[in-house]
Amino acid sequence: MIKKMNEKYENMNDDKEVIKNRYNKLRNFYTILKALLDKSRFGWVDEKHMVTADSYVWDEYLKEHPEAKLMRTKTIPNYHDLDEFVENQ
């Protein structure tokens, strides 16, 4: 994986632990994102690059899942790349 990452991203000469930590953070982020998108009251808007839902839906969901708070306002322009990257690991 280190070799693949260093080949794909020029000037990235990170060691195994740094890449492992980055991967784990991305995977956690992706897991939260997928959990939201698996819920029927949440959607994805390509033009905005973000998860959308009514305010009351967010409020209700965040009471039980505070770790998803960032997703309410975060744009994720590389979602499809992230989806492909994590699913292929």
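This is a predicted model: local features need pLDDT of at least 70, side-chain atom pairs count only at pLDDT 80 or more; totals for chains, interfaces and linings use all residues.
Biologist: What makes Phe42 and Trp58 an aromatic pair, and why is the pair called edge-to-face?

Modeller: The ring centres of Phe42 and Trp58 are 4.9 Å apart, and centres within 6.5 Å count as a pair. The angle between the planes is 80°, and an angle over 60 degrees is called edge-to-face, so the name applies here.

Biologist: Where in the chain do Phe42 and Trp58 lie?

Modeller: Phe42 lies in the loop between helix 2 and strand 1, whereas Trp58 belongs to helix 3, so that the pair links distant parts of the chain, 16 residues apart.

Biologist: Why is the pair of Phe42 and Tyr61 called edge-to-face?

Modeller: Here the planes stand at 70° and the centres at 5.3 Å; the angle is over 60 degrees and the distance within 6.5 Å, therefore Phe42 and Tyr61 also form an edge-to-face pair. Tyr61 is in helix 3, 19 residues from Phe42.

Biologist: What makes Phe42, Trp58 and Tyr61 a cluster?

Modeller: Ring pairs link Phe42, Trp58 and Tyr61 together. Both Phe42 and Trp58 are buried, and Tyr61 is buried as well, which means that each has under 20% relative accessible area.

Biologist: Which residues have the most contacts inside the largest nonpolar core?

Modeller: They are Leu36, Phe42, Trp58 and Met71, in a core of 17 residues. Helix 2 supplies the largest share of this core, five residues.

Technical notes
Residues are numbered from 1 along each chain as its sequence is written. Side-chain values use heavy atoms; hydrogens and water are left out. A nonpolar core is a set of buried Ala, Val, Leu, Ile, Met, Phe, Trp, Tyr and Cys residues joined through side-chain atoms within 4.5 Å. Buried means under 20% relative accessible area, exposed over 50%, partly exposed in between (1.4 Å probe, protein chains only). Helices (H or I, at least four residues) and strands (E, at least two) are DSSP runs, numbered from the N terminus. Rings of Phe, Tyr and Trp (its six-membered ring) pair if their centres lie within 6.5 Å; planes under 30 degrees apart count as stacked, over 60 as edge-to-face and the rest as tilted.
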